[in-house]
Amino acid sequence: MTRTETRLPPVVLAVRGAAAVLAVAGLGHTLWDGVHEPGHALVFGVLITVGELARWGALPGEREPAPLGAAGALAYALLGRSGGEPTTHGVLQVIAVLVSAQLVACAPHVARGSGPAPDRVARRILAVTFAAVCFQPLNNSGRTADWFGEGPWYVLFMLLFLVLTALCDAVLAALLLRSRSVPHGLKSMGGTPLLYGPLLRDELRALIGIGSAVCATGVVMALGVAVAGLWALPVLCVPLLLTQVSFRRFVAARTTYRQTIASLARSTEIAGYTPHGHARRVAVLCTAVGRELGLSGSELTVLEYAALMHDIGQLSLVDPVPDGATATLSAAEQRRIAVLGGAVVRQTGVDTEVAVIVERQADPYREQPLSARIVRAVNAYDDLSGESLIGPLGALERLRLGTGHDYQPEVVESLARVLARGGPTPVQPGVTHG
């Protein structure tokens with residue numbers, strides 16, 4: 001691998017550089033000036049460390065593997081009083097405590113060979129710094145008490161800061177994903193990064209789940225310590241830890257469920273009815289097109305399952321379709337295979353929505369739900385792009401010619417945009433895509 005291929009995008013370098021500067025400034029200032037209220041710094045540092053250590057066992061793709069650490073860091077950034085007495089720690093000490101806790105928590109992970117992602121650490125530092133910069137100067141100057149007192153307006157004031165912090169973190173996360181979406185080698189071939197809008201929508205939707213729990217717990221922790229002192233923290237940490245355990249069990253069950261569906265979908269490949277990797281390629285590309293068209297997380301999951309199982313009706317055929325390319329069959333034969341596939345899916349106990357998409361993938365697009373339109377177009381593209389005389393460009397042109405009846409124009413153009421940005425490339429039958 002060349003140095004050009006391993007060079008980080010400028011946005012990633014800028015984010016990591018800003019986080020590194022803040023970390024050095026926080027640690028340096030705290031070492032020089034001393035620690036204000038060392039008991040509070042120690043307790044919150046331990047809380048953040050424990051939260052980061054709880055990342056052990058996080059599942060791949062988990063958006064917030066350390067919710068307790070995030071909530072503890074935000075609570076310390078928004079801490080203005082403890083047991084009724086005002087606190088005096090500032091922004092730089094908040095950063096120092098967070099960075100110190102991150103370093104301590106990293107040790108066992110690094111020893112295990114699974115250290116935290118640098119981008120996630122940098123985002124955490126920048127987000128917590130944003131919250132502290134917004135809150136601590138106002139609190140230490142006494143303006144917060146003068147403006148909002150200690151009633152419900154003060155709670156709304158803190159919630160507003162956390163909402164803004166979460167939004168900033170989502171914007172930053174989407175920006176980092178976009179900057180990493182195309183390797184340098186692919187850019188040199190004309191690829192372009194993923195669109196920022198769909199990525200930002202995904203991040204904002206994620207805030208509704210574990211993100212809202214982290215923000216709410218951070219506010220409750222800060223308010224609890226303000227009234228009852230540090231004794232409030234153990235009681236307030238338990239619900240978030242239980243939520244984290246339950247969430248991981250749910251994700252593990254969903255992962256097993258998806259693996260079962262993927263294994264079932266491969267039955268057509270094992271039986272020789274479809275090319276190797278066809279179902280997986282269609283599923284990946286369908287998900288990318290669905291995200292491009294603004295489908296939600298649950299809709300994307302249903303779409304992925306339907307794409308994996310879209311060819312399962314071919315198992316009912318006496319003679320396999322040449323190369324498994326159902327796009328070359330007559331409309332009546334395509335509908336027959338689709339209906340048979342839907343019946344098989346219903347027998348597996350998979351969500352009924354998946355069966356409906358499989359059943360209706362061969363209908364005229366004006367009569368189909370959006371997910372079925374996506375599956376039909378992407379399946380046809382993968383079938384046709386595998387033909388040596390047509391290829392990817394010819395397959396797209398064939399889809400565009402069929403937009404009058406078979407394929408929705410918006411779906412075809414979304415597919416073209418995904419492919420132009422270096423999306424999943426067609427793989428010839430018998431070649432593993434990866």
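Q: What share of the contacts in the protein with a separation of 6 or more comes from residues 24 or more positions apart?
A: In this predicted model, residues 24 or more positions apart account for 73% of the contacts with a separation of 6 or more.

Q: And how many helices and strands are there?
A: The secondary structure of the protein consists of 19 helices and two strands.

Q: What percentage of the residues counts as buried, and what supplies the exposed surface?
A: Of the 434 residues, 47% count as buried, while the protein exposes about 20,400 Å², of which 65% is supplied by carbon and sulfur atoms.

Q: Let's turn to helix pairs; how do H2 and H8 cross?
A: The axes of helix H2, residues 10–33, and helix H8, residues 152–179, come within 8 Å and cross at roughly 140 degrees, which makes H2 oblique to H8.

Q: Which residues meet there, and what classes do they belong to?
A: From H2, Val11, Val12 and Val15 meet Leu172, Leu175, Leu176 and Ser179 of H8. The residues of this contact of H2 with H8 divide into six nonpolar, one polar and no charged.

Q: What about H11 and H14, at what angle do they pack?
A: Helix H11, residues 232–265, packs with helix H14, residues 297–308, at an angle of about 25 degrees, and their axes are 9 Å apart. Angles under 35 degrees count as roughly parallel, and H11 and H14 are therefore roughly parallel to each other.

Q: Which residues make that contact?
A: On the H11 side the contact is made by Arg254, Tyr257, Arg258, Ile261, Ala262 and Ala265, and on the H14 side by Glu304, Tyr305 and Leu308. By class, the contact of H11 with H14 has six nonpolar, no polar and three charged residues.

Q: Now H16, which of its residues are buried?
A: The buried residues of helix H16, which spans residues 352–360, are Val354, Ala355, Ile357 and Val358. They cover an arc of only 160 degrees around the axis, so they are on the same side of H16.

Q: What do those buried residues pack against?
A: The buried residues of H16 pack against H14, helix H15 (331–348) and helix H17 (370–385).

Q: Switching to loops, where is Glu37, and what is its phi?
A: Glu37 is found in the loop between H2 and helix H3, the latter covering 38–53, and its phi is near 50 degrees, a positive value in a residue other than glycine. For background, most residues other than glycine have a negative phi.

Q: Why does Glu37 count as partly exposed?
A: Glu37 counts as partly exposed because its relative accessible area is 22%, and buried would require a value under 20%.

Q: Is Gln408 buried or exposed, and where does it lie?
A: Gln408 lies in the loop between helix H18 (391–401) and helix H19 (409–420), and at 13% relative accessibility Gln408 counts as buried.

Q: Which residues is Gln408 in contact with, leaving aside its neighbours within four places in sequence?
A: With those neighbours left aside, Gln408 is in contact with Tyr365, Leu370 and Arg373.

How values were computed:
Residues are numbered from 1 along each chain as its sequence is written. This is a predicted model: local features need pLDDT of at least 70, side-chain atom pairs count only at pLDDT 80 or more; totals for chains, interfaces and linings use all residues. Side-chain values use heavy atoms; hydrogens and water are left out. Helices (H or I, at least four residues) and strands (E, at least two) are DSSP runs, numbered from the N terminus. Buried means under 20% relative accessible area, exposed over 50%, partly exposed in between (1.4 Å probe, protein chains only). Contact means heavy atoms within 4.5 Å. Accessible areas come from the Shrake-Rupley method with a 1.4 Å probe; for residues, only the protein chains shown count as cover. Axes are lines fitted to C-alpha atoms, for helices over the stretch in contact, and angles run from 0 to 180 degrees between N-to-C directions. Angles under 35 degrees count as roughly parallel, over 145 as roughly antiparallel, 65 to 115 as roughly perpendicular and the rest as oblique. Ala, Val, Leu, Ile, Met, Phe, Trp, Tyr, Cys and Pro count as nonpolar, Asp, Glu, Lys and Arg as charged, and the others, Gly among them, as polar. The arc is that of the directions from the helix axis to the C-beta atoms.
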